Amino acid sequence: MDWGMKNRMSRLIKPKDNRAVWLAIDHGYFLGPISKLEDPARTIKPLIPYTDALMLTRGVLRNCIDTGLDMPFLLRVSGGNSIAGPALSNEGVHTSMEEALRLNASAVAFSIYVGTEHEHQTLMCLGSLVNEGQRYGMPVLAVTAVGKELEKRDARYLGLCCRIAAELGAQAVKTYYCDDFEKVVKSCPVPVVIAGGPKLNTAMDALELAHSAIQQGACGVDMGRNIWQSPNAVGMIKAIRAIVHGNASVKEAAKLLKAR
Ligand code: 5RP
């Protein structure tokens, strides 16, 4: 890995423990103004001190994020789909590498839809993005998207997606936690972070999820809804951070939910 690529990666995955707490706020690119992201700046303000990096689109970056913010970000460059459209899997690259460099992104993020009618399109786009990323020293995060088919989230399918993403050159992969998650991580030669998915029933469920993922080899989280849709968003991110960077147990982390 060249210096620039390495340096960007080390801003995202902290070298002191090789772990990462990323806050995903990119959902609007296909879901529109979902609950608690109507005003992204307001939602993330109290969460910033506990966040290693943001994941977002250029629109939210330019309009809602202070240029003085000293925090790296992963730029969502894929989309062209919407929750109202015929196929969530129909994504392409809408934001150029030149734009990612101009905005000072630390990585670009792209969703792949393995096993769908748009598998080939999204995988070829990922390959092209990695080619450009190699040229400019820009890491590529591949997101193993499942669209509305949440039931797809098992180790066999996610293991397939993560491995394909790594084989095509992605520097890191974002996927979902699942039973036998260890198998997914062990067969993926690049760092794996987990998404939280739709809001779980309880805060403890989200902490359990993050804890299990870290125990089974994830290098961190790139979570959104289970943090900022929580009525105790600050407590949630503090607790998640303790699990990721402090190796806290679920019980220890849960104490931070109460310390507002
Ligand atoms: C959307 C994304 C989101 O960033 C991702 O799903 C993380 O957010 P959440 O924890 O809310 O699932 O990549 O495609």
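Let me start with one term: two residues are in contact if their C-beta atoms, placed from the backbone, lie within 7 Å. Keep that in mind, and please remember that this is a predicted model.

Let's begin at helix H1, which spans residues 3–12. Three of its residues, Arg-8, Met-9 and Leu-12, are buried. Looking down the axis of H1, you would see those buried residues within an arc of 100°, so they line one face of the helix. And what covers them?

Now for the ligand. How many residues surround the ligand? There are 15, and the closest are Ala-24, Ala-195, Gly-196, Gly-224 and Arg-225. At least two residues of this shell come from strand E10 (220–223), and at least two from helix H10 (225–228). Sorted by class, the shell holds six nonpolar, six polar and three charged residues.

My last stop is Ala-155, which sits in helix H7, residues 155–167. Is Ala-155 buried, exposed or partly exposed? It has 17 C-beta neighbours inside 10 Å, and therefore counts as partly exposed. Setting aside residues up to four places away in sequence, Ala-155 touches Cys-178, Asp-179, Asp-180, Phe-181, Lys-183 and Val-184. Have a look at Tyr-177 too: 22 residues separate it from Ala-155 in sequence, while their C-alpha atoms are 8.5 Å apart in space.

Note on methods: Residues are numbered from 1 along each chain as its sequence is written. This is a predicted model: local features need pLDDT of at least 70, side-chain atom pairs count only at pLDDT 80 or more; totals for chains, interfaces and linings use all residues. A residue is near a molecule or strand if its C-beta atom, placed from the backbone, lies within 6 Å of it. Helices (H or I, at least four residues) and strands (E, at least two) are DSSP runs, numbered from the N terminus. Ala, Val, Leu, Ile, Met, Phe, Trp, Tyr, Cys and Pro count as nonpolar, Asp, Glu, Lys and Arg as charged, and the others, Gly among them, as polar. A residue is buried if 20 or more other C-beta atoms lie within 10 Å of its own, exposed if 12 or fewer, and partly exposed in between; C-beta atoms are placed from the backbone. The arc is that of the directions from the helix axis to the C-beta atoms.
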